[in-house]
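This report describes one protein chain. Please look over the sequence and the model before reading on.

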Amino acid sequence: LLLKKGLRNVWLRGTRPIRPGQSRLVARAFTLRFVPAREDLATPASWSSPISTRAAIEAMPAGCVAVVDAMGVTDAGIFGD
């Protein structure tokens, strides 16, 4: 939706737990590697690619947690809202 409105490179910066001291989560891991998309290639049509982040999230089995290699970026969310 943001892309359709002309907003690119929108990130969640400094994400942290809502409540300090929250319980830890244990579940089977679903691993992903996040590679930022080139702006000229990041189109709604590209999201249906079988190697897109969106396709991976859609394929994630129920009950698992996403464990994502964000290439060293520690202060930005890579998906979600």
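## Salt bridge

A salt bridge is a side-chain nitrogen of Lys or Arg within 4 Å of a carboxyl oxygen of Asp or Glu. One such bridge turns up when the whole structure is searched. Its partners are Arg33 and Asp69, whose closest N and O atoms lie 3.2 Å apart. The pair joins distant parts of the chain, 36 residues apart: Arg33 belongs to strand E2 (residues 29–33) and Asp69 to strand E3 (residues 65–69). Strands (E, at least two residues) and helices (H or I, at least four) are DSSP runs, numbered from the N terminus.

## Basis of the model

The model is predicted, so local features need pLDDT of at least 70 and side-chain atom pairs count only at pLDDT 80 or more, while totals for chains, interfaces and linings use all residues. Residues are numbered from 1 along each chain as its sequence is written, and side-chain values use heavy atoms, leaving out hydrogens and water.

## Accessibility

Buried means under 20% relative accessible area, exposed over 50%, and partly exposed in between (1.4 Å probe, protein chains only). Arg33 counts as exposed because its relative accessibility is 60%. Asp69, at 35%, is partly exposed.

Leu3 sits in the segment before strand E1 (12–13) and counts as buried, at 18%.

## Confidence

pLDDT is the predictor's confidence in each residue, from 0 to 100. The protein has a mean of 78, and 85% of its residues reach 70 or more. Among its elements, E2 has the highest mean (88) and strand E4 (residues 76–77) the lowest (66).
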